[in-house]
Protein chains: 2
Amino acid sequence: MMEQRAGGEKLATRRRPGAERLLEAASDLFYREGIRAVGVDTVSERAGVSKRTLYNRFGGKDELVAEYLRRRDERWRAYLQGVTERVAEPREKLLAVFGAYGEWLVGEDFRGCAFANAAAEIPDPNHPARIVAQRHKEGVKKHLAALAKGAGFDEPETLAERLLLLLEGATATAAMRRSGEPLDVARSVALELMEARSH
Amino acid sequence: MMEQRAGGEKLATRRRPGAERLLEAASDLFYREGIRAVGVDTVSERAGVSKRTLYNRFGGKDELVAEYLRRRDERWRAYLQGVTERVAEPREKLLAVFGAYGEWLVGEDFRGCAFANAAAEIPDPNHPARIVAQRHKEGVKKHLAALAKGAGFDEPETLAERLLLLLEGATATAAMRRSGEPLDVARSVALELMEARSH
DNA sequence: TACAAACTACACAGACCTGTGTAGTTTGTG
DNA sequence: CACAAACTACACAGGTCTGTGTAGTTTGTA
């Protein structure tokens, strides 16, 4: 048996343990096609891993979905961290966040915010994926608040809340009309808000 | 046959033709539980109408979904129209839009923006429902632009675009964390934007 | 009363879904 | 080499989904 165990190609992919490959496949499929639209058979097949392994590693689809979002959250936060660290001027750091979102949502494969999409697809607010989604937004907001504080703004929390709203609005609108323009609008409003507080 | 054709209760509901009852059931179910999560059997059963009628009237689920959104679009636009008409002061009309959204998203049965949710659930941007969703947002924006123009703002289109962004951000955020607070944030930013242009 | 349109119940096709049970195979490590 | 952990293939249960085919019934109207 084991009909595909000979080729050298398999040796390369085989090195990555099953869970890793499953998460990669799930990430791509869930984001592009939707969570409900993709079955566990499709995920495991794409990962080149048996469905049994998926269930042994993740327990079920719900947890796989939550893991997919957890990983996406981690990566986005790390990316944002890197981007803002590379900018010296404190106020520019905040604008760099808008730059990061801007690059993301003009991409070919942009399909809206994965966390918002998950919330839209999953009505149950106690679903593990919903909780990850909520945490993600809180995380971004905290990052914004830290940057706002670093830039010396009064009431950095308030500014962060407002900037987050702009990012959310731009992301949702960009997803709706498949355009990068909403982010320019958001950025210009952000600039106006910041300037109004520059004293 | 016709096991439930005797009671007077049926006579009352029977009066409404099938398509109407189907749309009502679809509206409620699709919004609350999600489009993919609800099957045509469930819709027709809830409507008290045979599945065959659903297919004879709408051709298929896709068109039923599009109709569901078309009707929601119509009703929301009419509601917004009514709300803003009842306000005399031109500038207050714009704020009344925020008031309307505010009342909506603090409701018990709020489950996010039906159009954004549909876009999240349906990856195909050419799906009839996606086109309805896009048109809906354009319609709201046009309404905002008309109000902004009526209030005498320079560049009413630009202001409308910005206000729409705020509404979208507030709706998305409210759906994520199940709270009405984001709309207050959006409203206060809107006010700030308008005051900055009051000259 | 005749007739057409709208509706009904119901069975079915064919596909998909999540999840489990099982027996056997590969693989890394002591 | 021995052994445990991780993996495999595969069949299956029990459900769901969209959509169709059909024969018969109700209902409003001419």
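This is a predicted model: local features need pLDDT of at least 70, side-chain atom pairs count only at pLDDT 80 or more; totals for chains, interfaces and linings use all residues.
If you superpose chain B on chain A, what you need is a rotation of 180° with 0.0 Å of shift along its axis, and the RMSD is 0.0 Å, where the superposition is by least squares on the C-alpha atoms of residues with pLDDT of at least 70 in both copies. The two copies are thus related as by a two-fold rotation axis. The same surface serves both of them, since 100% of the contact residues of chain B recur in chain A; two residues are in contact here if their C-beta atoms, placed from the backbone, lie within 7 Å. In chain B, the residue that comes closest to the rotation axis is Gly169(B), at 1.8 Å for its C-alpha.

Residues are numbered from 1 along each chain as its sequence is written, and chains are lettered from A and ligands numbered from 1 in the order in which they are written.

Let me turn to the fold of one chain. Chain A has 10 helices and 0 strands, helices being DSSP runs of H or I with at least four residues and strands runs of E with at least two, numbered from the N terminus. The C-alpha trace of chain A spans about 75 × 35 × 30 Å along its principal axes. Of its 199 residues, 38% count as buried, meaning that 20 or more other C-beta atoms lie within 10 Å of the residue's own, with 12 or fewer for exposed and partly exposed in between, the C-beta atoms again being placed from the backbone.

Now the interface, where 36 residues of chain B are in contact with 36 residues of chain A. On the chain B side, α2, α7, α8, α9 and α10 each supply at least two residues, and the largest share, 12 residues, comes from α9(B). By class, that side has 18 nonpolar, 6 polar and 12 charged residues, with Ala, Val, Leu, Ile, Met, Phe, Trp, Tyr, Cys and Pro counted as nonpolar, Asp, Glu, Lys and Arg as charged, and the others, Gly among them, as polar.

How do the two α7 helices cross, and at roughly what angle? The axes of α7(A) and α7(B), residues 114-121 in each chain, come within 9 Å and cross at roughly 105°, the axes being lines fitted to C-alpha atoms over the stretch in contact, with angles from 0 to 180 degrees between N-to-C directions. The two helices are therefore roughly perpendicular to each other, a label given to angles of 65 to 115 degrees, with under 35 roughly parallel, over 145 roughly antiparallel and the rest oblique. This contact is made by Ala116(A), Asn117(A), Ala120(A) and Glu121(A) together with Ala116(B), Asn117(B), Ala120(B) and Glu121(B).
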